[in-house]
Amino acid sequence: MKTRIMYIERKAESLTGDARIGKVTFSKSGKSLYYNGMHFQRFSGFKANYYESETGEEYWISGCRKDGADRLYGERLPIEIDRDIQEEYWISIRNLPQCKYISVING
């Protein structure tokens, strides 16, 4: 199955929430994805584009931006980067290999 490094923000009935960057796996159809033991299904919402199928919690999940401005509304709140993709994120997406040891953006 296809994988991709993506931005994942839990909305939990708020405009902003905990956010991280991690590697997701897409289903064969591409309509749902998996991350960290969770299954997300696509939908069209006001501030979210996926919901977690077990809890129903809403998330904003998108491709990572090259400039690091991934939050939906541009807030300067911390975004954690999963350790297993940290180097790949800084080199392949941000083109900043000197930052490959940084694990939190806006921290």
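1. Leaving aside its neighbours within four places in sequence, with which residues is Arg-71 in contact? Taking contact as heavy atoms within 4.5 Å, Arg-71 meets Tyr-7, Glu-9, Thr-16, Gly-17, Ala-19, Leu-77, Pro-78 and Ile-79. This is a predicted model, in which local features need pLDDT of at least 70 and side-chain atom pairs count only at pLDDT 80 or more, while totals for chains, interfaces and linings use all residues. Residues are numbered from 1 along each chain as its sequence is written, and side-chain values use heavy atoms, with hydrogens and water left out.

2. Arg-71 is found in the loop between β6 (58-63) and β7, where helices (H or I, at least four residues) and strands (E, at least two) are DSSP runs numbered from the N terminus. Because its relative accessibility is 6%, Arg-71 counts as buried; buried means under 20% relative accessible area, exposed over 50%, and partly exposed in between, with a 1.4 Å probe and protein chains only. Its side chain makes a polar contact of 3.2 Å with the side chain of Glu-9, and it also reaches the backbone oxygen of Pro-78 at 2.9 Å. A polar contact here is a pair of N or O atoms within 3.5 Å; within protein, one must be able to donate a hydrogen and the other to accept it, and residues adjacent in sequence count only if both atoms are side-chain atoms.

3. The largest nonpolar core has 13 residues, of which Ile-5, Ile-21, Cys-64, Ile-81, Tyr-89 and Ile-105 touch the most other members. Such a core is a set of buried Ala, Val, Leu, Ile, Met, Phe, Trp, Tyr and Cys residues joined through side-chain atoms within 4.5 Å. Two or more residues of this core come from each of β1 (3-10), β2 (19-26), β7 (79-81) and α1 (86-93), and α1 gives the largest share, 3 residues. Apart from this core lies another, of 10 residues, among them Met-6, Ile-8, Val-24 and Phe-26.

4. Not counting residues up to four places away in sequence, Ile-105 touches Ile-21, Leu-77, Pro-78, Ile-79, Ile-81, Tyr-89, Trp-90 and Arg-94.

5. How many disulfides does a search of the whole structure find? The search finds 0, a disulfide being a pair of cysteine sulfur atoms within 2.5 Å. Cys-64 is in no disulfide, and its nearest cysteine sulfur, that of Cys-99, is 15 Å away. Cys-64 counts as buried at 15% relative accessibility, and Cys-99 counts as buried at 16%.

6. The count of aromatic pairs comes to 3, where rings of Phe, Tyr and Trp (its six-membered ring) pair if their centres lie within 6.5 Å, with planes under 30 degrees apart counted as stacked, over 60 as edge-to-face and the rest as tilted. Phe-43 and Tyr-51 have ring centres 5.7 Å apart and planes at 70 degrees, so this pair is edge-to-face. Phe-43 is partly exposed at 25% relative accessible area, as is Tyr-51 at 27%. Tyr-89 and Trp-90 also form an edge-to-face pair, at 5.2 Å centre to centre with 75 degrees between the planes, and both of these residues are buried.

7. Gly-45 has its place in the loop between β4 (38-42) and β5 (50-52), and counts as partly exposed at 37% relative accessibility. Gly-45 and Tyr-101 are 56 residues apart in sequence and 35 Å apart in space, C-alpha to C-alpha.
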